[in-house]
Amino acid sequence: GMESGFGSDFGSGSGGGGKLDPGLIMEQVKVQIAVANAQELLQRMTDKCFRKCIGKPGGSLDNSEQKCIAMCMDRYMDSWNTVSRAYNSRLQRERANM
Amino acid sequence: VARRGGFGDTGGAGNGMDSPSAAGLGSADPQLQRFIEVETQKQRFQQLVHQMTELCWEKCMDKPGPKLDSRAETCFVNCVERFIDTSQFILNRLEQTQKSKSAFSESLSD
C-alpha cells in the first residue's frame, strides 16, 4: 500500500523560533498533493478493475484474472490521460471564447 | 440561452467543493497566497478528471483489451464534452429559473 511518510510537521526543519521557509512548505505541500492524487487514482482503478475482472470470487486470483487486471490498469491509465487531455482542450476553448 | 462560462479560471464544474478564499491563509505572504490559488485550481482540475474518468469508464469501456481502441477513445472525448455541457446546462437553467421566480423553493416544487 502507499504510505504517506510525510506527516504534517512542516516546521520541524526550520530550527527554533526562526521564520518558516515558504519554499520548503510549498515543496512539501506539492508532494503531499501528488501522493493524495496517486492514492485517489489507485483507489478508483482498483474499484473499476475489480468490477471488470473478478466474477465470483474464488480462493485466489487465477491467471486470467491477473492478466485482466494488468490490462485493465493500463487501459484505466489510458482513459485517465484521454480524459485529462480532452478536459484541458475544453478549458482552453472556453477561455478563448470568453 | 444565456451563455455562462461555468469554468472560468477555476477549472471546476461547480462540484460544490468551493475552497475558501485565501484570506487568512498565507495572507501575510503573497507568494504563499498565489501558491494556494494555483494549487487549488490544479486540484479542482485533477478531481474532475478523476470523476469524469470514473463516469466515462462505465459508459465507454467494455472489456479491457490490449489497447484503447479508437471507438472507446472517441467515446471518452465525447463523454467529457457532454459532461461539461450538462454542467453548464444545469447552471444556465438554474439561473433562468431563479430569475423568473421570486424564490428558488418555488421552482423546486414545480
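Let me begin with the length of helix α2 of chain B. At 1.5 Å a residue, the 31 residues of α2(B) should span 45 Å, and the end C-alpha atoms are 44 Å apart, so the two values agree. Please bear in mind that this is a predicted model.

How is the N-terminal end of α2(B) capped? The cap is D69(B), which places a side-chain oxygen 3.0 Å from the backbone nitrogen of R71(B).

Next, the residues along the helix. Those of α2(B) that are buried are A72(B), F76(B), C79(B), V80(B), E81(B), I84(B), S87(B), Q88(B), N92(B) and T97(B).

Is F89(B) buried or exposed? This residue lies in α2 of chain B, the helix of residues 70-100. F89(B) has a relative accessible area of 54%, and is classed as exposed because the cut-off is over 50%. Together with I90(B) and L94(B), F89(B) makes a nonpolar surface patch of about 300 Å².

I turn now to the annotations. In chain B, an unreviewed UniProt entry places the feature "domain: Tim10-like" at residues 35-96. That span of chain B is 85% helix and 0% strand, with its end C-alpha atoms 36 Å apart.

For chain A, the UniProt annotation "domain: Tim10-like", also from an unreviewed entry, covers residues 28-88. Over residues 28-88 of chain A, the model shows 85% helix and 0% strand, and the end C-alpha atoms lie 26 Å apart.

Definitions and conventions: Residues numbered from 1 in each chain as written. Chains lettered and ligands numbered in written order. Predicted model: local features only at pLDDT ≥ 70, side-chain atom pairs only at ≥ 80, totals over all residues. Heavy atoms only, no water. Patch = residues over 30% accessible without salt bridge, like charges linked within 9 Å, V, L, I, M, F, W, Y side chains within 5 Å. Areas by Shrake-Rupley, 256 points an atom, 1.4 Å probe, with all protein chains shown as cover. Salt bridge = Lys/Arg side-chain N within 4 Å of Asp/Glu carboxyl O. Helix = DSSP H or I, 4+ residues; strand = E, 2+ residues; numbered from the N terminus. Buried < 20%, exposed > 50% of the residue type's maximum accessible area, 1.4 Å probe, protein only. UniProt positions renumbered as here; feature names shortened; annotations may be inferred. Expected span 1.5 Å × (residues − 1). Polar contact = N/O pair within 3.5 Å; in protein donor to acceptor, adjacent residues only side chain to side chain.
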